[in-house]
Amino acid sequence: MLLRIIAASAALMLGPAFAMAQGAKPNDAQIAHIAYTADQIDIGAAKLALQKSKNKEVRAFAQDMVRDHTAVNQKALALLKKLNVKPEDNDTSKSLSQQAKATAASLKKLNGAAFDKAYADNEVEYHKTVNGALENTLIPSANNPELKELLQTGLKIFQGHQQHADQVAKSL
Amino acid sequence: MATKLWGVAAAALALATLPAAAETISVNVDKLSYTPAEVSAHVGDTIEWVNGDFLAHTATARNKEWDVMIMRNKTGRITLKHGGNLEYYCRFHPNMTGRISVAE
């Protein structure tokens, strides 16, 4: 029960960060920074899981996250270079990073099956939140068609991750 | 002359009774979709997935019969061993699904 509360609160913490982005329409440079930050956060969580978890399913999932989010970020950075857009730090990115630190801190306190469950549950909620932000804020706000297209592909990738995370969480 | 004729006739007969030559059917993997998502094939045909995405995918049979890795910008293939309706998905992105109808 305590675990569930920790996992739920870790996931909930991510909510307000994206809610801020809905108030003001972010520009392409800010969108790029938010998307990049969101990717880096998931890579960080996966690396923590690879340090801590011994569960085969959890480790395989974490490896998938590192590989996919790294590939997305490489693609995004190449596109930004081509478009000559410099990612612009903003309040949404800052608040995402802060909350990710808090989530990582609570995950670090857990071990074994408790860690696995909290990590998997958080991955479900995190991808759900990111996907909501992509769908409702980032994709509609993006100006450049190539950036919009990459975000749309990103949404499909992360919807896949959400389903995969859900399968892993249910298997634990 | 007569022998030759017999030879041609025998060859023609053999061809007529042979099953159709095995085909390779291509499925594109692009932007998190298998295209076409449904293909019809025969036993002995090869399905070839051509990954145009910047990510690795898999084609994994729901019944766990096969699990094909399709690295980015690479192809993966299987040869169909028996008939039936085969459903498959990507292990990394389970929102990607496809189907192969295999005729005996």
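This is a predicted model: local features need pLDDT of at least 70, side-chain atom pairs count only at pLDDT 80 or more; totals for chains, interfaces and linings use all residues.
Student: What makes up the secondary structure of chain A, and what makes up that of chain B?

Tutor: The secondary structure of chain A comes to seven helices and zero strands, and from the N terminus on its elements run α-α-α-α-α-α-α. Chain B, by contrast, has one helix and nine strands, which follow the pattern α-β-β-β-β-β-β-β-β-β along the sequence.

Student: Why are helix 6 and helix 7 of chain A called roughly antiparallel?

Tutor: The axes of helix 6 (residues 112–141) and helix 7 (residues 145–171) of chain A cross at roughly 155 degrees, coming within 8 Å. Angles over 145 degrees count as roughly antiparallel, and therefore helix 6 and helix 7 of chain A receive that description. Their crossing is left-handed, and the residues of their contact divide into 12 nonpolar, seven polar and six charged.

Student: What is the relation of helix 3 to helix 7 of chain A, and how do you know?

Tutor: Helix 3 (residues 28–52) of chain A packs against helix 7 of chain A at an angle of about 25 degrees, with the axes 11 Å apart. Because angles under 35 degrees count as roughly parallel, helix 3 of chain A is called roughly parallel to helix 7 of chain A. Helix 3 of chain A passes helix 7 of chain A in a left-handed crossing.

Student: Which residues make the contact of helix 3 with helix 7 of chain A?

Tutor: On helix 3 of chain A they are A:Asp28, A:Ile31, A:Ala32 and A:Ala35, and on helix 7 of chain A they are A:Leu147, A:Leu151 and A:Gly154. By kind, the residues of this contact divide into five nonpolar, one polar and one charged.

Student: Turning to chain B, how do you know that strand 1 and strand 2 of chain B pair?

Tutor: Two strands pair if there are at least two bridges between them, and three bridges join strand 1 (residues 24–30) of chain B to strand 2 of chain B, the two running antiparallel. Among the positions on these strands, B:Asp30 has B:Ser33 as its bridge partner, and B:Asn28 stands opposite B:Thr35. Strand 1 and strand 2 of chain B form a hairpin with two residues between them, and B:Lys31 in the turn has a positive phi of about 45 degrees.

Student: What makes the pairing in the sheet 2-1-4-7 of chain B mixed?

Tutor: Four strands form this open sheet of chain B in the order 2-1-4-7, with mixed pairing. Strand 1 of chain B runs antiparallel to strand 2 of chain B, whereas six bridges join strand 1 of chain B to strand 4 (residues 46–51) of chain B, and these two run parallel. One of the residues involved is B:Asn28, whose bridge partner in strand 4 of chain B is B:Val50.

Student: Why are strand 2 and strand 7 of chain B called edge strands?

Tutor: Strand 2 and strand 7 (75–79) of chain B are called edge strands because each pairs on one side only. Neighbouring strands of this sheet are turned by 25 degrees against each other on average, direction ignored.

Student: Is B:Ser33 buried, exposed or partly exposed, and how do you know?

Tutor: B:Ser33, which lies in strand 2 (residues 33–35) of chain B, has 17 other C-beta atoms within 10 Å. A residue is buried at 20 or more and exposed at 12 or fewer, so B:Ser33 falls in between and is partly exposed. B:Ser33 and B:Ala22 are 11 residues apart in sequence and 25 Å apart in space, C-alpha to C-alpha.

Student: What share of the residues counts as buried in chain A and in chain B?

Tutor: Buried residues make up 44% of the 172 residues in chain A, while 26% of the 104 residues of chain B count as buried.

Student: How many residues of chain B are in contact with chain A, and of what kinds are they?

Tutor: In chain B, 11 residues are in contact with 13 residues of chain A. On the side of chain B that touches chain A, the residues divide into eight nonpolar, two polar and one charged.

Conventions. Residues are numbered from 1 along each chain as its sequence is written. Chains are lettered from A and ligands numbered from 1 in the order in which they are written. Two residues are in contact if their C-beta atoms, placed from the backbone, lie within 7 Å. Ala, Val, Leu, Ile, Met, Phe, Trp, Tyr, Cys and Pro count as nonpolar, Asp, Glu, Lys and Arg as charged, and the others, Gly among them, as polar. Axes are lines fitted to C-alpha atoms, for helices over the stretch in contact, and angles run from 0 to 180 degrees between N-to-C directions. Angles under 35 degrees count as roughly parallel, over 145 as roughly antiparallel, 65 to 115 as roughly perpendicular and the rest as oblique. A crossing is left-handed if the near helix is turned anticlockwise from the far one by less than a right angle, and right-handed if clockwise.
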